[in-house]
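Hi there,

Here is the structure I promised to pass on to you. Please have a look at it first, and then read my notes below.

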2 protein chains.
Amino acid sequence: MNKLYLVSIGPGALDLITPRACEALRKCEIIIGHQLYLDLIQTLIPDKEQIASPWGKEIERVDLAINKVKEGHNVSLISSGDIGVYALGGLALERLGENNLEINYEIIPGITSANACASILGAPLSHDFLTLSLSDLLVPKETILERAEAAGKGGFVSVLYNVQSPKRQELVYQVMEKFRPHRSPQTPCGVVSNAFRPDEKSQILTFENLFSMQFDMLTTIILGNDATKIVRNRLVTQRGYSFKNETE
Amino acid sequence: MNKLYLVSIGPGALDLITPRACEALRKCEIIIGHQLYLDLIQTLIPDKEQIASPWGKEIERVDLAINKVKEGHNVSLISSGDIGVYALGGLALERLGENNLEINYEIIPGITSANACASILGAPLSHDFLTLSLSDLLVPKETILERAEAAGKGGFVSVLYNVQSPKRQELVYQVMEKFRPHRSPQTPCGVVSNAFRPDEKSQILTFENLFSMQFDMLTTIILGNDATKIVRNRLVTQRGYSFKNETE
C-alpha cells in the first residue's frame with residue numbers, strides 16, 4: 001500500500017540526516033517541500049519528481065501530498081529540523097483526520113533546530129528548556145508575550161524561533177523585555193544563523209547585548225538562565241554536578 | 001591530533017543514528033558510556049574498547065574520557081537522545097574548562113527523547129513546548145515545582161522527563177497539580193516508554209487519567225495544552241492553520 005512519509009531532514013548537513021529518513025526518500029517517487037529544503041537534500045533525490053511549494057501555502061502543500069498518495073504514489077513531505085516541531089507533521093495528521101482518509105503514513109523524527117544550534121554554541125540546553133516562536137501569523141502577539149513572561153519567570157533556558165522579519169521588527173525586543181526582570185544583564189546568550197549550512201554564523205554574548213542587535217527569520221536566539229555560563233567561548237548550562245561534587 | 005567526540009546516538013534504533021555520529025564512533029578506539037547505551041549500538045562497535053560506567057558517576061565518566069584522549073586515543077563519550085540535553089555534553093565542556101585542557105572536541109547533536117516520543121504519539125510538539133526533568137538529585141524540588149507552575153501558566157505543551165523513581169513517588173503528581181488550574185481535565189496527553197526500543201509502549205489519554213497512573217524513570221509524559229487534540233488516535237497540537245483557513 002502506498003504511503004505518506006513525513007520526513008525530518010535535520011538542520012541541513014547531509015550527514016545529520018538519519019538513515020531512516022534517507023530510506024523513506026529512496027522509497028518515494030515524489031518529494032514535496034519548500035525549495036530551500038529540496039535544495040538541501042538535492043544529491044539524495046536527483047531522480048525523483050520534486051514539487052516545491054512556497055511559504056504560506058502549508059495546507060495546499062499537505063493536501064497535494066495526500067492527493068499524490070491517493071493517486072497511487074509513495075510520497076515524502078519533507079521539513080528541515082523535525083517535521084513535528086513548528087512544521088507540517090501536525091497539519092498533515094489533521095488533514096488526514098478531517099477527510100477521514102485511510103492512508104498509511106509514518107512520521108520520521110529528526111534533529112531540531114534548537115538542538116542543532118545548541119551543539120554549535122556548546123551545551124546551553126543541558127537542563128530544562130523551552131522553545132518559543134515569535135511568528136504572530138498564527139498566534140496572537142499577546143499569547144507570545146504571555147508565554148515569554150512565563151518562560152522568564154520559570155527560569156527556563158529559552159530558544160526563540162522566527163525572531164525578526166522585515167514586517168515584524170519590535171516583537172523580539174518586547175519578548176526579551178519580559179525576561180528582563182528574571183535575567184541579569186550579564187546572562188550569557190547565543191545567536192545562531194544557518195546552523196550546519198554553508199553560511200553558518202554563531203555568536204556568544206550577554207543578554208544586554210541582544211537589545212542592540214538586528215536579526216532575521218533564519219536566526220535562532222538562545223537565552224541562558226542563571227545556571228548558564230561561558231566556558232572557553234562555549235555556552236554551558238550547569239546541571240548541578242559541580243555543586244554536587246563540592247558537597248560530596 | 002586526538003579528539004573527544006561527544007556523540008548523540010538518538011532514541012536507540014540504529015537507523016535513527018546519524019552518519020556523522022557513526023563516523024565519529026568509527027574513528028575512535030575507545031567508546032565510553034552507560035552500559036544501556038553501549039548495548040543499543042553494539043553492532044556498530046564490536047571491535048572497539050568499551051568502557052561502561054554506572055549511573056551517578058557522571059564526573060568520573062567524563063574525566064575518564066578526557067584522560068583517555070590525553071593518553072593519545074580518539075574517544076567517543078556517548079549518550080542516548082541528544083548529548084546536550086539532560087546529558088553529559090555540558091559537564092564535559094566544564095571539565096575541559098576547569099582543567100584548562102587544550103583538547104580537541106566535537107559535539108554531535110542527535111534526536112532527543114522529546115522529539116522521538118512526540119513522533120510516536122503524533123505531533124504534540126508542533127508549537128511552543130518545554131521539557132522539565134523531575135529528578136531532584138541535582139535541582140531542589142521547589143525549583144521543579146516553580147517551573148511546573150510557570151509551564152502550566154504559560155500554556156506550553158510540556159514534556160516531563162524522569163517522572164517517577166522508586167524513591168520519588170509523589171513529585172510527578174505534585175508537578176501535575178501545578179498544571180491543573182491551567183488545563184481542562186479532558187486535555188489530551190501522551191505517555192511513552194522505551195521509544196524506538198524493543199519494549200516501546202505508548203498511550204494517549206486525558207490529563208485527568210494521568211493522576212491514577214504509575215510511571216517509571218524510562219517513561220516520558222507529554223502534557224498537551226488547549227490547542228492539543230486527538231485526531232484518529234494521534235496527539236496533535238494545532239498551530240492555527242485551521243483557524244487561518246476558515247478566515248481566509
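I'll begin with the inside. The largest nonpolar core has 74 residues, and those with the most contacts within it are A:Val7, A:Ile78, A:Leu125, B:Ile78 and B:Leu125. By nonpolar core I mean a set of buried Ala, Val, Leu, Ile, Met, Phe, Trp, Tyr and Cys residues joined through side-chain atoms within 4.5 Å. Buried stands for under 20% relative accessible area, exposed for over 50%, and partly exposed for what lies in between (1.4 Å probe, protein chains only). Leaving aside neighbours within four places in sequence, the contacts of B:Ile78 include B:Val7, B:Leu25, B:Tyr37 and B:Ile83; contact means heavy atoms within 4.5 Å. There is also a second, separate core of 57 residues, with A:Val163, A:Phe179, B:Leu132 and B:Ala151 among them.

Before you go further, some housekeeping. This is a predicted model, in which local features need pLDDT of at least 70 and side-chain atom pairs count only at pLDDT 80 or more, while totals for chains, interfaces and linings use all residues. Residues are numbered from 1 along each chain as its sequence is written, chains are lettered from A and ligands numbered from 1 in the order in which they are written, and side-chain values use heavy atoms, with hydrogens and water left out.

Now the two chains. A rotation of 180 degrees with 0.0 Å of shift along its axis superposes chain A on chain B, with an RMSD of 0.0 Å. That is the relation of a two-fold axis. The same surface serves both copies, since 100% of the contact residues of chain A recur in chain B. The superposition is by least squares on the C-alpha atoms of residues with pLDDT of at least 70 in both copies. In chain A, the residue that comes closest to the rotation axis is A:Leu130, with its C-alpha at 1.9 Å.

The structure holds zero disulfides over all chains, a disulfide being a pair of cysteine sulfur atoms within 2.5 Å. The sulfur of A:Cys189 has its closest cysteine sulfur in A:Cys117, 14 Å away, which is too far for a bond. A:Cys189 counts as buried, at 1% relative accessibility. In chain B, the sulfur of B:Cys117 is likewise 14 Å from the closest cysteine sulfur, in B:Cys189, and that is too far for a bond. B:Cys117 is buried too, with a relative accessible area of 3%.

Next, the aromatic rings. Four aromatic pairs turn up over all chains. Rings of Phe, Tyr and Trp (its six-membered ring) pair if their centres lie within 6.5 Å; planes under 30 degrees apart count as stacked, over 60 as edge-to-face and the rest as tilted. A:Phe207 and A:Phe211 make an edge-to-face pair, 5.2 Å centre to centre with 90 degrees between the planes, and both residues are buried. B:Tyr86 and B:Tyr161 make a tilted pair, 4.7 Å centre to centre with 50 degrees between the planes. This pair links distant parts of the chain, 75 residues apart: B:Tyr86 is in the loop between strand 4 (75-79) and helix 4 (89-98) of chain B, and B:Tyr161 is in strand 8 (residues 157-161) of chain B. Helices (H or I, at least four residues) and strands (E, at least two) are DSSP runs, numbered from the N terminus.

Finally, some individual elements of chain A. Five of the five residues of strand 8 (residues 157-161) of chain A are buried, so this strand is largely enclosed by the rest of the structure. A:Val157, A:Val159 and A:Tyr161 lie on one side of strand 8 of chain A, with A:Ser158 and A:Leu160 on the other. Strand 7 (residues 129-133) of chain A pairs with strand 8 of chain A in the parallel sense, over five bridges; two strands pair if DSSP finds at least two bridges between them. A:Phe129 has A:Val157 as its bridge partner. Helix 4 (residues 89-98) of chain A has eight of its ten residues buried, so the helix is largely enclosed by the rest of the structure. After helix 4 of chain A comes A:Asn100, whose phi is positive, near 50 degrees.

Best wishes
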